[in-house]
Amino acid sequence: MNQIIVHRNHSYKIAMLCMAIYASSTQAADGTWQGSIGAGISYAPRYEGDAENQLTVVPLLDINYENGKFFISVARGIGFNFSEVKYFKYGVRVLLGKARSPNADARLYGTDTINYYPEGSLFASTHLGFLTLSSSIASSDYGTHADVGGNIAVPINKENRVLLGATIDWGDSIYNQTYFGVTAAQATASGNVLTPYNATEGKRDTVSSISWVHNFDKSWFSSVGLRYERLEGSTQFSPLTQRVSMSSGTLMLGYHF
């Protein structure tokens, strides 16, 4: 049975990035804060490869200082942009890695709890008209992962725009093993329901998304997003993977200041 909980998932991250793109289109004066706050719901897998989706309550928080020189965001973390160029950003940030509980699904029984943990990250992005290209790499004791992707903003009218996105994610052997690998001890703890498995370095998944952002006025806005993810490489064949292709959706209501 689906339940409503507070949790951060990939579909929510896509929605938050759309909010960041929305905020970046409105320039603030130097020395001022601007951002978006709000809340929404997400219907997404409880973990990557899960067989079922669940309904999730999610917060919206994305705040910038001096047009993004410094930012605080639930999805993007806490970071600093070193660039002085309006349409190009690069910098450092700290964000939380994905947590996972073995109680989330019966298939995870015997695996270890993955608590939220800090990741150090480098990021870069460029805005070319309606096109935004971005990449990042993050690392922690749980391994290193990276992504590269892009978004195209299609203005419909003054109040509405559609954003189309695509991303490729990569993980090293430590990171992929953390979320998709099974040790001999974990296989034994599962009652031998799981078999030992080593997830190798390589492409983790490909993601495509579409979001509709509607501006009610200068401050209030909403976002409806759909996301499709397909696991790639060794993540497809993990005994923890119940579904290679996953779809999810997010509905957000926010206030921009």
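In this predicted model, Asp-50 and Arg-46 form a salt bridge in which the closest N and O atoms lie 2.6 Å apart. Arg-46 also forms a salt bridge with Asp-105, with 2.8 Å between the closest N and O atoms. This second pair links distant parts of the chain, 59 residues apart: Arg-46 belongs to the loop between β2 and β3, and Asp-105 to the loop between β6 and β7. Asp-50 counts as buried because its relative accessibility, 0%, is under 20%. Asp-105 is likewise buried, at 15%, whereas Arg-46 is partly exposed, with a relative accessible area of 21%.

A further salt bridge joins Lys-69 to Glu-84, the closest N and O atoms being 3.3 Å apart. Here the partners are 15 residues apart, with Lys-69 in the loop between β3 and β4 and Glu-84 in the loop between β5 and β6. Lys-69 is buried at 13% relative accessibility, but Glu-84 is exposed at 70%. Through shared partners, salt bridges join Arg-46, Asp-50, Glu-52 and Asp-105 into one network. The count of salt bridges comes to eight. Side chains of opposite charge can pair when their charged atoms come close.

The secondary structure consists of three helices and 13 strands. Strand β13 (residues 245-256) pairs with strand β2 (residues 33-45) in the antiparallel sense, over eight bridges. Within this pairing, Tyr-43 stands opposite Gly-249. Strand β13 also runs antiparallel to β12 (residues 220-231), to which 11 bridges join it; Tyr-255 is the bridge partner of Trp-220.

Gly-40 is found in strand β2 and is buried, with a relative accessible area of 12%. Beyond its neighbours up to four places away in sequence, Gly-40 touches Thr-56, Val-57, Val-58, Leu-251 and Met-252.

The largest nonpolar core has 15 residues, and those with the most contacts inside it are Tyr-117, Tyr-179, Phe-180, Val-182 and Leu-240. Helix α2 (residues 173-180) gives the most to this core, with three residues. Among the residues that Val-182 touches are Ala-187, Leu-194, Tyr-197 and Leu-240. In soluble globular proteins, nonpolar side chains tend to be buried together.

Over the chain of 257 residues, 49% count as buried. Of the contacts between residues at least 6 apart in sequence, 59% join residues at least 24 apart. The accessible surface comes to about 12400 Å², and 63% of it belongs to carbon and sulfur atoms.

Methods:
Residues numbered from 1 in each chain as written. Predicted model: local features only at pLDDT ≥ 70, side-chain atom pairs only at ≥ 80, totals over all residues. Heavy atoms only, no water. Pairing = 2+ DSSP bridges. Helix = DSSP H or I, 4+ residues; strand = E, 2+ residues; numbered from the N terminus. Buried < 20%, exposed > 50% of the residue type's maximum accessible area, 1.4 Å probe, protein only. Contact = heavy atoms within 4.5 Å. Core = buried A, V, L, I, M, F, W, Y, C linked by side-chain atoms within 4.5 Å. Areas by Shrake-Rupley, 256 points an atom, 1.4 Å probe, with all protein chains shown as cover. Salt bridge = Lys/Arg side-chain N within 4 Å of Asp/Glu carboxyl O.
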